[in-house]
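The sequence and the structure come first.

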Amino acid sequence: MMKKRKIIAVTGARSEYDLMFSIYEKLNQRDDIDFSIIITGPHLSEKYGLTSEYIERDHFKISEKIYSLLDSDQKLARIASIGNQIPLLAQTLSREKPDIVLVAGDREEAISVCMTCAFMDIAVAHFFGGDIAKDGNIDNSVRYAASKFAHLHFTTLEEHKKNLLKLGEEDWRITVMGNPALDRFLAIETVSKNDVLKHFGISYDKNYCVLIQHSIITEVEEQRKRILITLEAIAESGYFCFINYPNSDAGSSEIIRAYDEYIMKYPKQFKVFKNLDRLQYVNLLRNADFLLGNSSSGLLEAPSLGLAAINIGSRQRGRVHGDNVIFVDNDKDQIVKAIDFVNTNEEYLEKVAKKQNPYGDGNSAEKAVEVLTSVEINKNLIYKNITY
């Protein structure tokens, strides 16, 4: 009997887990693949909704849970978390002996996994490399450093591949696949607006928006001031607003405290949630009038729903985006005007309604799985060269 190829994915946060789910699912369904997941980071934190429970409900095999996240709002916590992760990852991978390890994005686990695998001569596939956000955030550096350690790259756009080629990566290592999140996102069952609202205890029809705003590690001191500007603009607009919790980066505690204050101050206008199951989350967006904040969802998934997105501040600036996204500064008047614009400008609304998404058509996972299951694992793959 032919030995199964052993593939382990490492996931640290709900955001990238949802992006990667369709790939995980296809790998898990194959008889020739032994697939499992290492869970780490905010997934294992009560503060951020203990999202590891969603992974367990999806019935994936869990090879390890690595508790590495420091519950601190200080910048040093993130680098300390990486320091915690690396030796525990190394021990797990030494025990499990995978053929390929998967990791996505630009958070702590991206750099710790790619670096650990490179030192251990384990093939590592990095997803979403080559992307650029001109916001000065550390994520850019993490993404590019991870790419230099990785043996295989799966990018969302052709121009991201070109960026990796400029870094000296070999062409054959790079696959342009689109955005795999759309595979699952577009297949999610449609739930009516009334049923979505009933889930949140609202028994009557109402228009609403969704706010997802994350901290920026290079602008920690400004987070409270900036989220208060956003919340005040929403309050002034009169819109009912569902709020999703921020990520675990430094500055997130100030954002959460501001949410608590506004829920107390405006209980009939704001409602917060830490996490929703995928069905409820997608349909919350599907029935919303607009999304605002600085989440990548506005760029990656919202276009496919025909959902207007107001991106506030520097995060996500410079990234490829659809006609649904408009960018504003951390300024109350600009945000209020943007809310009016996305609801009344007919030319803009016509563009949004076309649902044109530059990140793909919802058939990305199969492209990645084909490479992961067929690539030859040998010295040529493991020992990298720079092309210049």
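A crossing of two helices is called right-handed if the near helix is turned clockwise from the far one by less than a right angle, and left-handed if anticlockwise. The model discussed here is predicted.

**Helix pair α9 and α10**

By this convention, α9 passes α10 in a right-handed crossing. The axes of α9 (residues 223-237) and α10 (residues 252-265) cross at roughly 30 degrees and come within 9 Å. On the α9 side, the contact involves Gln-223, Arg-224, Ile-227, Leu-228, Leu-231 and Glu-232; these meet Glu-254, Ile-255, Ala-258, Tyr-259, Glu-261, Tyr-262 and Lys-265 of α10. Seven of the residues in this contact are nonpolar, one is polar and five are charged. Two of the α10 contact residues, Tyr-262 and Lys-265, also form a charge-over-ring arrangement, which is listed in the table below.

**The six-stranded sheet**

An open sheet of six strands has the order β10-β9-β8-β11-β12-β13, with parallel pairing. Because β10 (270-273) and β13 (325-328) each have a single partner strand, one side of each lacks a neighbour in the sheet. Ignoring direction, neighbouring strands are turned by 20 degrees against each other on average. Within this sheet, β8 (residues 208-212) and β11 (residues 290-293) pair in the parallel sense over four bridges, and Cys-209 has Phe-290 of β11 as its bridge partner. Helix α9 lies across β8, β9 (240-244), β10, β11 and β12 (308-312), and runs at about 180 degrees to β8.

**The seven-stranded sheet**

Another open sheet consists of seven strands in the order β3-β2-β1-β4-β5-β6-β7, again with parallel pairing. Its edge strands, β3 (62-66) and β7 (174-176), each pair on one side only. The twist from one strand to the next averages 20 degrees. Strand β2 (residues 33-40) runs parallel to β3 and is joined to it by four bridges; Thr-40 stands opposite Ile-66 in β3. Helix α3 (residues 76-96) packs on this sheet and touches β1 (5-11), β2, β3 and β4 (100-104), its direction making about 160 degrees with that of β3. Helix α6 (residues 158-166) lies across β6 (152-155) and β7, running at about 165 degrees to β7.

**Aromatic contacts**

The whole structure contains 18 aromatic pairs. Ring pairs link Tyr-17, Phe-21, Tyr-24, Phe-35 and Phe-60 into a cluster.

Terms used:
Residues are numbered from 1 along each chain as its sequence is written. This is a predicted model: local features need pLDDT of at least 70, side-chain atom pairs count only at pLDDT 80 or more; totals for chains, interfaces and linings use all residues. Side-chain values use heavy atoms; hydrogens and water are left out. Axes are lines fitted to C-alpha atoms, for helices over the stretch in contact, and angles run from 0 to 180 degrees between N-to-C directions. Contact means heavy atoms within 4.5 Å. Ala, Val, Leu, Ile, Met, Phe, Trp, Tyr, Cys and Pro count as nonpolar, Asp, Glu, Lys and Arg as charged, and the others, Gly among them, as polar. Rings of Phe, Tyr and Trp (its six-membered ring) pair if their centres lie within 6.5 Å; planes under 30 degrees apart count as stacked, over 60 as edge-to-face and the rest as tilted. A charge sits over a ring if NZ of Lys or CZ of Arg is within 6 Å of the ring centre and within 35 degrees of the ring normal. Two strands pair if DSSP finds at least two bridges between them.
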